[in-house]
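Hello,

Here is the structure I promised to pass on. Please open it first, then read the notes below.

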Amino acid sequence: MSQKVAVLGTGKIGEALLSGMIRAGWAPADLLVTARRPERAEELRTRHGVTPVTNAEAAKTADTLILTVKPQDMGTLVDELAPHVPADRLIISGAAGIPTSFFEERLTAGTPVVRVMTNTPALVDEAMSVISAGSHATEAHVAHAEEIFGAVGKTLRVPENQQDACTALSGSGPAYFFYLVEAMTDAGILLGLPRDKAHDLIVQSAIGAAVMLRDSGEHPVKLRENVTSPAGTTINAIRELENHGVRAALIAALEAARDRSRELASGKKD
């Protein structure tokens, strides 16, 4: 953990990663940050004790560069970094849709690149981070990325050709659950419950269900069947979900998210 790590374009996820690394044992003195606005950089210094630098300074001095800007801004950032990044720097990209080859073609030949897709539960140390190695990344490089992102949740290695699917499932995944909770809360209000009580009922049910999925070892179908009594309330609700095509809608939604990830890789912004 004595290596210097720089987080470039430090927004909410970048800051969550910084704070998680510090809790995991990284020294703030070994952590560098860049931000578009000077006041944001100073805020990070005050809050975490890290060192604000320019992108060029980060490229020259950090052993690992974590790029957390939006996909549409990544080309500009890499062009700025390219003259300053030696081949022994590890580049970790957190941008949806952008392949490791994008960086390998623009940086010094042989530069190791690791692609990571994390998600917003990094803010509460419950992220799902999916990691893929570029053509020049070694086992040590991937392990280092796992160590960094393991500070804010769980990590999983996948082949890079599965990254767009992982982005659709887990990168965007929290939003689907928030959307579902929003809809169920509205349903609770329709059924006569105050909003705060409906919210509490649904959130705790979601937490309990998630823990059962994680810890029981049971297939989700089995867990659902355990709640579904013959001619009971649950099976009537499930019938309505099937009648309204909820399963098909979810599949279509995830396909749309995957396709958008591919579009971002091609540089399409709209």
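**Helix packing and one buried face**

Helices α8 and α9 are oblique to each other, because the angle between them is about 135°. Helix α8 spans residues 173–190, and helix α9 spans residues 195–215. Their axes lie 9 Å apart. The crossing of these two helices is right-handed. From α8, the contact takes in Val181, Met184, Thr185, Asp186, Gly188 and Ile189. From α9, Arg195, Ala198, His199 and Ile202 take part. By type, the residues of this contact are 5 nonpolar, 3 polar and 2 charged.

One caution before going on: this is a predicted model.

Now the overall picture. The protein has 270 residues, and 37% of them are buried. It contains 12 helices and 8 strands. Its C-alpha atoms fill a box of roughly 65 × 35 × 35 Å along the principal axes. Take the contacts with a separation of 6 or more: 63% of them are between residues 24 or more positions apart.

Helix α7 covers residues 163–171, and helix α12 covers residues 246–265. They pack at an angle of about 130°, and their axes are 8 Å apart. That angle makes α7 oblique to α12. The crossing of α7 and α12 is right-handed. On the α7 side, the residues are Asp164, Ala165, Thr167, Ala168 and Leu169. They meet Leu254, Ala257, Arg258, Ser261 and Arg262 of α12. The residues of this contact split into 5 nonpolar, 2 polar and 3 charged.

Last, a look at α4, residues 74–81. Which residues of this helix are buried? They are Met74, Leu77, Val78 and Leu81. These residues sit on the same side of α4, because they cover an arc of only 95° around the axis. Thr76 and Asp79, on the other side of α4, are exposed. What do the buried residues of α4 pack against? Two strands among their partners are β1 (5–8) and β4 (64–67). A further strand is β5 (90–93). The helices they pack against are α3 (55–61) and α5 (100–104).

Best wishes

Technical notes. Residues numbered from 1 in each chain as written. Predicted model: local features only at pLDDT ≥ 70, side-chain atom pairs only at ≥ 80, totals over all residues. Heavy atoms only, no water. Buried < 20%, exposed > 50% of the residue type's maximum accessible area, 1.4 Å probe, protein only. Helix = DSSP H or I, 4+ residues; strand = E, 2+ residues; numbered from the N terminus. Arc of directions from axis to C-beta. Contact = heavy atoms within 4.5 Å. Axes fitted to C-alpha atoms, helices over the stretch in contact; angles between N-to-C directions. Parallel < 35°, antiparallel > 145°, perpendicular 65-115°, else oblique. Left-handed = near helix turned anticlockwise from the far one by under 90°. Nonpolar A, V, L, I, M, F, W, Y, C, P; charged D, E, K, R; others polar.
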